[in-house]
Amino acid sequence: MDEQFLEYITENAANIGPTARQALLHHAEEEYLNGNMPQSIFYQVVSLYQTFQDHYYRGGGKRKSVDVKELMNEMSAEEKSELKKNCLIQYVGKSLNQMAKNKPKNKCEESTPKPEGNFLKGITNPIEGIHKLEEVCKQMPKAIDKFCDSYELDNQCRILLSLAALRIGELTVLEIEGICTILFDNAERRELAVQLLKEMQQQQQDDASEHYNKDDCYPCILVIDEYLDHFFWEEMNVHQEFTRVNSLQCLWRLYQAYKKDIHNGYLQVNITNGGSIINPDQSLCKMEVRMRSFMEHWLPHWKLLCSQRPTQEELRNNFFNRSCYVYAGHGSGLQYINGRNIAKLQMQCVVFLFGCDSSRLYSNGLYSELWGPHMYYHAAMCPALVGTLMPCLDSFMDGVATEILSRWIAPKSPNILPWNEIEPSAWIKGGIIKSKTLGCEGAAAAASNSAAFTTTSATMSDYHLGSLCGVLARIRQRITETKLYNTAPYVCRGLPVWNCHVQPPPT
């Protein structure tokens with residue numbers, strides 16, 4: 001390999017793409033074949049930074065402010081003569097000067113260096129690089145060292161395992177298994193290494209989840225163009241709370257309608273009563289059994305309509321006038337009420353549409369604006385709506401729907417069995433609610449407040465979440481439902497809402 005090219009890549013930490021990565025890995029293989037293991041490891045690690053992600057990382061950059069004098073000096077004589085006639089440019093210049101005078105000097109921010117992503121930057125000597133890698137590996141969790149010591153693993157395995165632990169948040173399960181397959185020939189050690197890395201990844205996700213649940217972390221409102229709305233933007237960060245609006249005008253109207261109840265980033269609501277319509281087409285019998293058993297177990301005091309087509313008058317008078325409305329059936333339910341009639345209403349209920357494509361955008365023609373069912377509800381001042389962007393299987397949708405509702409809405413009785421203690425297979429197959437450990441007797445004991453059964457909704461203080469966006473973020477973390485295609489379609493549209501009935505609002 002050209003030594004100048006190699007030195008250029010390592011010294012300047014330049015990311016010049018796949019070609020450099022291939023060259024570094026080729027050189028690492030040559031060093032390995034020549035018996036130079038430390039040099040081979042060094043070039044393998046350097047090749048990790050020749051990636052698409054790091055190519056756009058600019059951790060150490062500092063944003064440069066606009067200086068009016070510099071702009072004036074760069075102007076030509078003709079531009080300066082025209083400047084006096086341009087009122088807009090004069091106003092911009094005065095505003096920039098005023099901003100520069102009023103800007104506070106933050107010495108702490110200037111003196112604090114930003115972290116460098118590539119810890120091998122500026123190191124060209126492989127031996128020096130190995131020493132740096134060993135220092136970094138010492139910062140890894142003690143579990144790696146303990147694992148390596150217990151099986152007397154060599155430095156190569158120790159370093160590569162430590163590097164995998166360093167970037168464990170960016171690895172998939174298949175990548176973790178692939179790394180351990182390369183490092184270990186012994187099947188037992190390989191399984192133990194995979195289990196160790198998975199536990200570290202889960203711990204990192206739990207720590208990140210706790211961080212994003214802090215009071216100083218606010219939900220993110222996405223204003224998405226209609227032609228980009230079908231993408232699952234919420235998957236960019238599954239720990240962040242997201243909600244969508246189709247335009248700034250929609251967001252402004254909802255904010256003006258509810259601004260007196262918006263505090264610390266959330267619209268504060270109290271979900272105490274509601275109504276639910278289940279399987280009005282009478283074509284989803286198994287779904288009806290499951291959802292009906294959940295509603296009768298968790299929310300028996302709600303208005304419930306099953307296997308009946310509602311009239312428009314019933315929807316207006318018995319469902320839309322409550323604090324929450326849940327629809328479970330085909331589509332969005334617009335086949336039972338004209339969207340224009342919804343837009344004419346003034347509703348304050350939070351809406352859940354558990355049906356295929358219940359919140360996706362549709363086209364009425366080649367040049368027409370895209371529309372979706374949620375737009376009618378937002379026109380009626382519905383503060384928030386949860387729906388889907390694509391078709392979903394009914395059994396998986398029922399599982400996600402009950403997870404969302406049970407986490408965000410308090411049950412009528414605090415002594416009932418928590419929904420995460422329900423045996424899932426019995427409920428999915430026949431709508432039977434029984435305890436994972438004590439069976440049907442356990443559910444009955446919880447309902448009767450028996451002393452023999454202590455796990456109830458009241459005893460699990462951390463079961464409920466006040467933030468609806470936080471509940472959906474938990475769904476996207478795939479804690480209960482593990483498949484991506486069963487969790488990604490669910491989105492929240494409108495304002496971020498907080499149910500004060502289940503958790504005190506953030507202060």
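These questions and answers go through a predicted model and ask what its labels rest on.

Q: How do you know how far to trust the protein chain as a whole?
A: The mean pLDDT of the chain is 80, and 79% of its residues reach 70 or more.

Q: Which contacts does the model have for residues 51-63 and how many are they, counting beyond four places in sequence?
A: The model has 15 such contacts for residues 51-63, but pLDDT stays under 50 there. Residues 106-116 also stay under 50, with 7 contacts beyond four places in sequence. Where pLDDT is low, the predicted coordinates should not be read in detail.

Q: Why is cysteine 382 not counted in a disulfide?
A: A disulfide needs two cysteine sulfur atoms within 2.5 Å. The nearest cysteine sulfur to that of cysteine 382 belongs to cysteine 349 and is 5.5 Å away, so cysteine 382 is in no disulfide. By this rule the model has 0 disulfides.

Q: What makes cysteine 382 buried or exposed?
A: Buried means under 20% relative accessible area. Cysteine 382 has 0%, so it is called buried.

Q: Why is cysteine 500 called partly exposed?
A: The label covers values between the buried limit of 20% and the exposed limit of 50%. Cysteine 500 has a relative accessible area of 22%, so it is partly exposed. Proline 38 has 33% and therefore gets the label partly exposed too.

Q: Where is proline 38 found, and how far is it from isoleucine 130?
A: Proline 38 is in helix α3, residues 37-47. Proline 38 and isoleucine 130 are 92 residues apart in sequence, and their C-alpha atoms are 6.5 Å apart in space.

Q: How do you know that both faces of strand β5 are covered?
A: In a regular strand the side chains alternate between the two faces of the sheet. In β5, residues 275-278, Gly275 and Ile277 lie on one side, Ser276 and Ile278 lie on the other, and all of these are buried.

Q: What makes β5 a partner of β6 and of β7?
A: Two strands pair if there are at least two bridges between them. β5 and β6 (residues 303-306) are joined by 4 bridges and run parallel, so they pair. β5 and β7 (residues 324-328) also have 4 bridges in the parallel sense, so they pair as well. Serine 276 has leucine 304 as its bridge partner in β6 and valine 326 in β7.

Q: Which elements make the right-handed β-α-β unit?
A: The unit consists of β5, helix α15 (residues 285-298) and β6.

Q: Why are β3 and β11 said to stand at the edges of their sheet?
A: The sheet is open, with 3 strands in the order β3-β4-β11 and mixed pairing. β3 (262-263) and β11 (497-499) each have a single partner strand, so one side of each is left without a neighbour in the sheet.

Q: How do you know that β3 and β4 pair?
A: The rule asks for at least two bridges. β3 and β4 (residues 266-269) have 2 bridges in the antiparallel sense, so they pair. Histidine 263 stands opposite tyrosine 266 in β4.

Q: Which residues touch the most other members of the largest nonpolar core?
A: They are Phe352, Phe354, Ile404, Trp408 and Leu468, in a core of 51 residues. Helix α19 (residues 394-408) gives the largest share of this core, 6 residues. Another core, of 20 residues, lies apart from it and includes Phe319 and Cys349.

Key:
Residues are numbered from 1 along each chain as its sequence is written. Side-chain values use heavy atoms; hydrogens and water are left out. Buried means under 20% relative accessible area, exposed over 50%, partly exposed in between (1.4 Å probe, protein chains only). A crossover is right-handed if, with the strands pointing away from the viewer, the path from the first strand over the helix to the second runs clockwise. pLDDT is the predictor's confidence in each residue, from 0 to 100. Contact means heavy atoms within 4.5 Å. A nonpolar core is a set of buried Ala, Val, Leu, Ile, Met, Phe, Trp, Tyr and Cys residues joined through side-chain atoms within 4.5 Å.
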